[in-house]
Amino acid sequence: MTRTCNIDCLIIGGGQAGLAMSYCLSQAGIDHVVIERGRIGERWRSERWPSLRLLTPGWMTRMPGRSLASRSDGFLSASDLVTRLETYAKASTVPLVTGTSVLAVERIVGLFRVATTTGTWLARSVVIATGACDRASVPASGAKLGRSIFQLTPDRYITPDELPQGGVLVVGASATGVQLAREIARSGRRVVLSAGSHVRTPRNYRGRDLFDWLDASGFLHDPRPLGRSARSLASQPSLQLVGDGSGRDIDLYRLSAEGVTVTGRAIAAHDTTVGFADTLADECAAAERRRYTLLARIDAHIAATRTNAPVEPQAWNTPAPLPQTPEAMNLRAHGIASVLWATGFRRNYPWLHVPVLSRAGEIVHHGGVTRVPGVYALGLPFMRHRASTFIDGVGRDAEALAPHVARHLGATLPVAA
């Protein structure tokens, strides 16, 4: 299959970002196609563990033109989200080409040549909507562990039963790390959790779900901070939350009480031994400061709007310090057979041969608009605002980005602020 200049825009990625962009371009009457390496929402299908639920409540699962869920739906599972994305794509008549990987994107005279595994496209503009969770990131120390230690990342984790017999070291204490540590520990295995930067947050506060307040207070709408690199924004820790309708909290203190051994940041490894920094107390103190800042923002909103909400002074209590942590641990001697690296994700664009990347390999952009006319990005952390990587936020970003694409193509849609 070879297409020529009759495609105005090619969208790379068929997840929520690509589908949202497609809807917005369709509304503008822009001829486009969405290319997806697998199926709709492939990462939600094959790179998320079965028990995972969204951290955001159903009412936040909003896409341009349509909400995928409601408050009564609670926290969607990954499989449920995929079904709803498929329904959205069908209702929006998204021009989708699945099972197609991009091999190269390069600029030629007035166009972009996009080589794929199923042919070549020529497009007047390209939107890179491959998202923030491209490749699981593993520290260099992982390569120094011996072969007797099984290593994996969250995109390859399924259930505790799929792991080798023995305990598990989970590295990383943001949302993914604490959820997996709890699930594995409750299966009866010994779990050690290595904690770095994190944000201790309540699932509910002053009578409402945390995200109700974060949305109402404007926190989720905070614009991208000036002077911050894409890498530093992408490395911000996610909130320690679990998508659970019971309102349960999850944090290091609760995990410790459930039998999980919490250590400082993993900083070195050799064969079967892992070294830990003496940073746990400092990281916990920093997490408390982040918590207080968040709660103060909500309290200020409640006071300013005179919202009737019960006072919750216990949410401000500082927990007792965690037990002293070891400086190093011989994993085998402590019955640890596996290391699960919940250390975030990185972006990787080996196929992108257009000068839009920083030295660190991140797309340089301003609100999704790159320095190369006709090349755009969508679904990146803090792309335009704090909620840019949430489904709700990526939809708003797509609505704001579509007029820029239209203007490049010669259309007359107004550019959103």
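Predicted model: local features only at pLDDT ≥ 70, side-chain atom pairs only at ≥ 80, totals over all residues.

Trainee: OK. Which residues of α3 are buried?

Mentor: A78, L81, V82, L85, Y88 and A89. Looking down the axis of α3, those buried residues fall within an arc of 125 degrees, so they line one face of the helix. The arc is taken from the directions from the helix axis to the C-beta atoms.

Trainee: And which ones are exposed on the other side of α3?

Mentor: S79, K90 and A91. By the way, helices here are DSSP runs of H or I with at least four residues, strands are runs of E with at least two, and both are numbered from the N terminus.

Trainee: What do the buried residues of α3 pack against?

Mentor: They pack against α1 (16-27), α2, β3 (62-63), β4 (66-67) and α9 (391-408). Contact means heavy atoms within 4.5 Å.

Trainee: What about the span of α3?

Mentor: It agrees with expectation, because 14 residues (78-91) at 1.5 Å a residue should span 20 Å, and the end C-alpha atoms are 20 Å apart. The expected span is 1.5 Å times one less than the number of residues. After α3 comes T93, with a positive phi near 45 degrees.

Trainee: Now α8, what does its span look like?

Mentor: Its 26 residues (280-305) should span 38 Å, and the end C-alpha atoms are 38 Å apart, so that agrees. Its buried residues include L280, E283, R291 and I302. Among the elements covering them are α5 (210-216), α7 (252-257) and β17 (261-263). Just after α8, R306 has a positive phi of about 55 degrees.

Trainee: Back to α2. Is R43 buried or exposed?

Mentor: R43 counts as buried because its relative accessibility is 18%. R43 sits in α2 (residues 42-46). Leaving out residues up to four places away in sequence, R43 touches R37, R48, T130, C133 and D134.

Trainee: What does the side chain of R43 reach?

Mentor: The backbone oxygen of C133, at 2.9 Å. A polar contact is a pair of N or O atoms within 3.5 Å; within protein, one must be able to donate a hydrogen and the other to accept it, and residues adjacent in sequence count only if both atoms are side-chain atoms.

Trainee: Switching to strands: how do β6 and β7 pair?

Mentor: β6 (102-108) and β7 (111-116) are antiparallel, over six bridges. Strands pair if DSSP finds at least two bridges between them. R107 is opposite F112 in β7. The hairpin has two residues between the strands, and G110 has a positive phi near 70 degrees there. β6 also runs parallel to β23 (352-353), joined by two bridges, with E106 opposite H353.

Trainee: Last one, how many disulfides?

Mentor: Zero in the whole structure; a disulfide here is a pair of cysteine sulfur atoms within 2.5 Å. The sulfur of C9 is 11 Å from the closest cysteine sulfur, in C24, so that is too far for a bond. C9 is buried, at 0% relative accessible area, and C24 is buried at 8%.

Terms used. Residues numbered from 1 in each chain as written. Heavy atoms only, no water. Buried < 20%, exposed > 50% of the residue type's maximum accessible area, 1.4 Å probe, protein only.
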